[in-house]
Structures are given as C-alpha cells and as structure tokens.
Amino acid sequence: IFALTGCGKGDPHNRQPVSGSVSVNGKPVVFGNISFEPLENQPTRFDREIVDGKFSIDKSGGLAPGKYLIRVQGWECKLPPVGDNPGEFRGPMPKVMVPEKYGAASKETVTIKPGEKNELTIDLKN
C-alpha cells in the first residue's frame, strides 16, 4: 500500500497573493502599473497593471514574504495604442495622475506577510 504524501517540491519561495487599491489623494488611479522590488533579498519581484484603482497577484505568481519598494505610474485614462516607432503613441498622452516621486525615485515600501491576505491600500499624496 502506498501512502500519498504529495508530489513535487511545493513553493520554495512561500509566495503570497497580493491585491489592493492605488489612489492619489483618495482618487483611484484609473490606469497604470505598480512594481514590487525586493529589499531583503527575496527571490521574487513583480510588475502589475492597475485598472480602475485595483491590482492583484495570485499565489502562483505572488511575492515571497518581506519588505518591498513599490514604484507606481498612473494616468487619468488608458494609454493610446503604441505607434510604429519606439516610445511613440498613436494619439495624445493622458494626464499623469501619480507624482514622479513615486516612480523611479520612490521611497514607498510595503511588507508582505506570510499566511495573510496582503490586501494593500496605497493612497499616495501630491
């Protein structure tokens, strides 16, 4: 008789699902992206699209527990289609919602905790 104890190694990184909302001064970011960059040598990082102020990452693609630097870009509507040349768009660019200080120069951090829902509320300020 064989006992089934499970196959495979499971998740060696203990990935956690992460979801949340992103707003600026209480107003949801209509369209943008958020990135999570590890600050404690975690083996995971992630970039996710923000739509109508919300984002989510399921457990299979989730983040290992620990502290992350977050960077956010956001606009008041969806970006126009990409043009024929790199960096070119077919149409006017929408108004930027998220201040530059939350992009490349961001100092905003979050901590992802094991065994918790990790539902983040990120309200950025001008």
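1. A friendly place to start is the aromatic residues: the structure holds three aromatic pairs. Rings of Phe, Tyr and Trp (its six-membered ring) pair if their centres lie within 6.5 Å, with planes under 30 degrees apart called stacked, over 60 edge-to-face and the rest tilted. The F36 and F55 rings have centres 5.9 Å apart and planes at 50°, so this pair is tilted. It links distant parts of the chain, with F36 in strand β3 and F55 in strand β5 (residues 54-57), 19 residues apart. Strands here are DSSP runs (E, at least two residues), numbered from the N terminus.

2. A word on the model before going on. This is a predicted model, in which local features need pLDDT of at least 70 and side-chain atom pairs count only at pLDDT 80 or more, while totals for chains, interfaces and linings use all residues. Residues are numbered from 1 along each chain as its sequence is written, and side-chain values use heavy atoms, with hydrogens and water left out.

3. Back to the rings. F36 counts as buried because its relative accessibility is 1%; buried means under 20% relative accessible area, exposed over 50%, and partly exposed in between (1.4 Å probe, protein chains only). The rings of F36 and Y68 have centres 6.4 Å apart and planes at 80°, so they form an edge-to-face pair. With F36 in strand β3 and Y68 in strand β6, this pair ties together parts 32 residues apart in sequence. Y68 is buried at 0%, F55 is buried at 4%, and F36, F55 and Y68 form one aromatic cluster.

4. Next, have a look at D123, in strand β8 (residues 119-124). At 32% relative accessibility, D123 counts as partly exposed. Beyond its neighbours within four places in sequence, D123 is in contact (heavy atoms within 4.5 Å) with S23, V24, N25 and G26. A polar atom of the D123 side chain lies 2.8 Å from the backbone nitrogen of G26.

5. Finally, the largest pocket. It holds about 200 Å³ of space, a volume being the space filled by probe spheres set on grid points joined across faces, edges and corners. On a 1 Å grid over the protein atoms alone, a pocket is an open set of points where a 1.4 Å probe fits, with protein on both sides within 12 Å along at least five of seven lines; lining residues have an atom within 4 Å of a point. The lining has 13 residues, of which V72, Q73, E100, G103 and A104 lie nearest the centre. Strand β6 gives the most to this lining, with five residues.

Definitions and conventions:
Helices (H or I, at least four residues) and strands (E, at least two) are DSSP runs, numbered from the N terminus. A polar contact is a pair of N or O atoms within 3.5 Å; within protein, one must be able to donate a hydrogen and the other to accept it, and residues adjacent in sequence count only if both atoms are side-chain atoms.
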